[in-house]
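Hi,

Here is the structure I promised to pass on. Have a look, and my notes follow below.

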Amino acid sequence: MASKRFYRRRFLNRRGHHAGAYVIADCKISAPTAPDKRGWISADVKISDCFRVADLDFGGGDRAAIRNALYKARLLRDTLIEFTEALEKAAEEWERPVR
């Protein structure tokens with residue numbers, strides 16, 4: 001397959017905070033099992049907040065599963081962007097002097 005494997009491991013907390021918060025994202029295409037097959041997309045994201053771990057599966061081996069995986073990933077991306085914007089506004093409001 002022409003696609004390169006995507007792998008990222010990042011710690012979520014800044015230095016000096018809990019060390020167990022991380023995100024691991026992994027995406028690769030498995031080799032086809034027969035000449036007329038496309039193989040399988042193995043894609044998952046693991047997120048830990050120091051105490052709990054969530055493992056999100058975005059893989060699939062047919063068009064419907066891949067379309068659904070892309071839908072989930074895009075929805076998650078858009079939600080995290082909106083969440084980040086809301087958190088930034090909340091932080092700005094929190095920084096304002098108390099009267």
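Aromatic pairs first: the count is 0, where Phe, Tyr and Trp rings (the six-membered one for Trp) pair if their centres lie within 6.5 Å. Bear in mind that this is a predicted model, with local features needing pLDDT of at least 70, side-chain atom pairs counting only at pLDDT 80 or more, and totals for chains, interfaces and linings using all residues. Numbering runs from 1 along each chain as its sequence is written, and side-chain values use heavy atoms, without hydrogens or water.

Phe58 does have a charge over its ring: the end of Lys72 is 5.3 Å from the centre (the rule is Lys NZ or Arg CZ within 6 Å of the centre and within 35 degrees of the ring normal).

Helix H1, residues 63-95, spans 48 Å between its first and last C-alpha, close to the 48 Å expected (1.5 Å times one less than its number of residues; helices are DSSP runs of H or I, at least four residues, and strands are E runs of at least two). Asp62 caps its N-terminal end, with a side-chain oxygen 3.1 Å from the backbone nitrogen of Ala64.

The lining of the largest pocket takes its largest share, 7 residues, from H1. By class that lining has 13 nonpolar, no polar and 3 charged residues (Ala, Val, Leu, Ile, Met, Phe, Trp, Tyr, Cys and Pro are nonpolar, Asp, Glu, Lys and Arg charged, and the others, Gly among them, polar).

Cheers

How values were computed:
Phe/Tyr/Trp six-rings, centres within 6.5 Å; stacked < 30°, edge-to-face > 60°. Polar contact = N/O pair within 3.5 Å; in protein donor to acceptor, adjacent residues only side chain to side chain.
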